[in-house]
Structures are given as C-alpha cells and as structure tokens.
Amino acid sequence: MEKLLKDIKACTHCAANLALGPNPVVAADPKSRILIVGQAPGTKVHQSGIPWDDPSGVQLRKWMGITTEAFYNKEEIAIVPMGFCYPGKGKTGDLPPRPECAPLWHQALLEKMPELKLTLLIGQYAQKYYLAQDRKKNLTETVRSFEEYLPAFIPLPHPSPRNRFWLSKNPWFEKNVVPLLQERIHEILKKS
C-alpha cells in the first residue's frame, strides 16, 4: 500500500490538463473499513492536500455523524476521489474529475483494502463508475433507492453548500438516508 500511495502522489499522467498542476489527494490504509469515493478536490483541498478540508467536508461529517478525528483516521476511513487532482474551473463550478484516475488507480487501491465493509458513493461520477447499469435514471432516484445497494454501497448527493436547493427539494434524504447512514457507520466503526 505504501508504494502504491507513493506512486499515486507522484502521478503526472494528466498534468497537461490540470490548471493548477498535479497534487493528488488520497488517504487509504489496508485496515480501512469505510471507503469514501467523492468527485475531485476543490481549490482549497488542492492547496492543503487534506481531503474534504472544506465546507463540503464539514457537511459530509455531519451526515456521517462522526468527528473530524474519526473521519481522518485512515485505518478506519479511506478517501479515494474519482479524480485525485483539482480538475479546473468550469462555467458553473469545477470541471468533472479527470477520467484517467479511476481506471488507473482504483482497482489497485481496492485490492489493498480487504477489510472494506461500506463504500459511500458521493455524486454522479462515483455512482456511474461503481454502480454502472444498476444506477437509476438520475442522482436523485439513485440516492432514493439507496437500500437496493446495501450493504456494500450507499449513494449520496454531493454535500456542497451549492446543493442546498436539492436538499430542500428532497427532505426524505435527511429523514431516511442520513439516519441509516449514521447507523451503518457507527456499527462498522464500533467493531474496531
């Protein structure tokens, strides 16, 4: 695992396409039992090198019902985005994650984490990649059908402050999904 993480951190595979240059952000350990698959780092995370070190991370930790300390314990929680580097700015937000990262690195990482019990699929890119033809027609329907993907996966919307409108339109998410998410996470972490 150590060599693999070193190789990922040194990756320059798509450097020519990265506005701020490569700075792969990933956290994993062979003992990790929960995997968070998000989109790609934003500018703040690109600068700090700490995954989910932004308002989205604060919201994600609230949804998960865990402390910052627990969140960053890589022996419990691995953080592997679809794109390891900041992809650049688009018209309405950040560009999508670079398509090279997941096929290049994810399988090798998964093979080194045999203790995984749950994977959180945050956003449409993670859901499309990991659920493939089993995902629904859109993110809302995929998240609404979360029980179909248990016990291996829980699909989630992105916890960005920009998603306030989605959350207000879909109150069932915080009523039904978040409590089950917290229960499942506490169950897994309690067994350590």
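Biologist: What should I know before reading the values?

Modeller: The model is predicted, so to speak of local features takes pLDDT of at least 70, side-chain atom pairs count only at pLDDT 80 or more, and totals for chains, interfaces and linings use all residues. Residues are numbered from 1 along each chain as its sequence is written, and side-chain values use heavy atoms, with hydrogens and water left out.

Biologist: How many cavities of 30 Å³ or more does a search of the whole structure find?

Modeller: First the idea. Rolling a probe the size of a water molecule over the atoms shows where empty space is left. On a 1 Å grid over the protein atoms alone, a cavity is a set of points where a 1.4 Å probe fits but cannot get out. A pocket is an open set with protein on both sides within 12 Å along at least five of seven lines. Lining residues have an atom within 4 Å of a point. Grid points are joined across faces, edges and corners, and a volume is the space filled by probe spheres set on the points. Here the search finds 1 cavity of that size. The largest cavity holds about 100 Å³.

Biologist: Which residues lie nearest the centre of the largest cavity?

Modeller: Cys11, His13, Cys14, Cys85 and Cys101, out of 15 lining residues. Helix α5 (residues 101–111) gives the largest share of that lining, 3 residues. Helices here are DSSP runs (H or I, at least four residues), strands likewise (E, at least two), numbered from the N terminus. By class, the cavity lining has 12 nonpolar, 2 polar and 1 charged residues. Ala, Val, Leu, Ile, Met, Phe, Trp, Tyr, Cys and Pro count as nonpolar; Asp, Glu, Lys and Arg as charged; the others, Gly among them, as polar.

Biologist: How much space lies in the largest pocket?

Modeller: About 900 Å³. Of its 35 lining residues, Gln39, Asp94, His158, Ser160 and Arg162 are closest to the centre. Helices α2 (43–48), α3 (55–64) and α6 (124–131) each supply at least two lining residues. The most come from α2, with 3. The pocket lining has 19 nonpolar, 11 polar and 5 charged residues.

Biologist: Which residues touch the most other members of the largest nonpolar core?

Modeller: In soluble globular proteins, nonpolar side chains tend to be buried together. A nonpolar core is a set of buried Ala, Val, Leu, Ile, Met, Phe, Trp, Tyr and Cys residues joined through side-chain atoms within 4.5 Å. Buried means under 20% relative accessible area, exposed over 50%, partly exposed in between (1.4 Å probe, protein chains only). The largest core has 28 residues, and Ile36, Leu60, Met64, Leu120, Leu156, Phe173 and Ile185 touch the most other members. Elements giving it two or more residues include β1 (34–37), β3 (118–122) and α9 (172–190). Its largest share, 8 residues, comes from α9. A second, separate core has 24 residues, including Leu4, Leu5, Leu35 and Leu109.

Biologist: Which residues is isoleucine 8 in contact with?

Modeller: Contact means heavy atoms within 4.5 Å. Leaving aside neighbours within four places in sequence, isoleucine 8 contacts Pro24, Val26, Phe84, Trp105 and Leu109. Isoleucine 8 sits in helix α1 (residues 2–9). It is buried, with a relative accessible area of 0%.

Biologist: How many aromatic pairs are there?

Modeller: A pair of aromatic rings is described by the distance of the centres and the angle of the planes. Rings of Phe, Tyr and Trp (its six-membered ring) pair if their centres lie within 6.5 Å; planes under 30 degrees apart count as stacked, over 60 as edge-to-face and the rest as tilted. That rule gives 7 aromatic pairs. Tryptophan 63 and phenylalanine 173 have ring centres 4.9 Å apart and planes at 70 degrees, so they are edge-to-face. The pair links helix α3 to helix α9, 110 residues apart. Tryptophan 63 is buried at 2% relative accessibility, and phenylalanine 173 is buried at 0%. Trp63, Trp166, Trp172 and Phe173 form one aromatic cluster.

Biologist: Where is the cis peptide bond?

Modeller: Between leucine 150 and proline 151, with omega about 5 degrees. Proline 151 lies in the loop between α7 (139–144) and β4.

Biologist: What is phi of tryptophan 52?

Modeller: Near 60 degrees, a positive value in a residue other than glycine. Tryptophan 52 is in the loop between α2 and α3, and is buried at 11% relative accessibility. Alanine 132 has phi near 45 degrees, also positive. Alanine 132 is in the loop between α6 and α7 and is partly exposed at 35%.
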